[in-house]
Amino acid sequence: AQDSTVYQSYRTDIFSIKRNVPNGIYDVVFRFAEPENLNVGERIFDVLAEGKILFDDLDVRLARDGNIK
């Protein structure tokens, strides 16, 4: 089951999150939602960590609705 409190707010602008943590290996979990009724291709973005692209041209609507290869 999804934690409904996670999706009570969202961001739409470009932003970054920075956390200082000790060196080590970490599991990072990203949770995305497309709260607006946008068509596939209307909101596409990259996700980076440590300056490396983790998700290139992510389209959450497409990922949710399928057809990703």
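Let me start with Asp57, which sits in strand β2. Asp57 is not a glycine, yet its phi is positive, at about 55°.

Before going on, a word on what we are looking at. This is a predicted model, in which local features need pLDDT of at least 70 and side-chain atom pairs count only at pLDDT 80 or more, while totals for chains, interfaces and linings use all residues. Residues are numbered from 1 along each chain as its sequence is written, and side-chain values use heavy atoms, with hydrogens and water left out.

Now the confidence. pLDDT is the predictor's confidence in each residue, on a scale from 0 to 100. For the protein chain the mean is 83, and 90% of the residues reach 70 or more.

Next, the layout. The protein chain has one helix and two strands, in the order β-β-α from the N terminus on. Helices (H or I, at least four residues) and strands (E, at least two) are DSSP runs, numbered from the N terminus.

Like Asp57, Glu50 has a positive phi without being a glycine; the value for Glu50 is near 55°. Is Glu50 buried or exposed? Buried means under 20% relative accessible area, exposed means over 50%, and partly exposed is in between, with a 1.4 Å probe and protein chains only. Glu50 has a relative accessible area of 79%, so it is exposed. In the protein chain as a whole, buried residues make up 10% of the 69 residues.

Now the charged side chains. Side chains of opposite charge can pair when their charged atoms come close. A salt bridge here is a side-chain nitrogen of Lys or Arg within 4 Å of a carboxyl oxygen of Asp or Glu. How many turn up in a search of the whole structure? The search finds two salt bridges. Glu34 pairs with Arg43 at 2.8 Å, N to O. Glu36 also forms a salt bridge with Arg43, with the closest N and O atoms 4.0 Å apart. As for cover, Glu34 has 13% relative accessibility, so it counts as buried. Arg43 is partly exposed at 23%, and Glu36 is partly exposed at 33%.

On to the surface. Accessible areas come from the Shrake-Rupley method with a 1.4 Å probe; for residues, only the protein chains shown count as cover. The protein chain exposes about 6,700 Å², and carbon and sulfur atoms supply 47% of that. Val21, Tyr26, Val28, Phe30, Phe32, Leu54 and Phe55 form a nonpolar surface patch with about 630 Å² of accessible area together. Patches take residues with over 30% relative accessible area and no salt bridge, joining like charges within 9 Å and nonpolar side chains (Val, Leu, Ile, Met, Phe, Trp, Tyr) within 5 Å. Phe30 lies in the segment before β1, which covers 45-49, and is partly exposed at 34%.

Last, Ile17, which is also in the segment before β1. Ile17 has 55% relative accessibility, so it counts as exposed. Ile17 and Ala49 are 32 residues apart along the chain, and their C-alpha atoms are separated by 9.7 Å.
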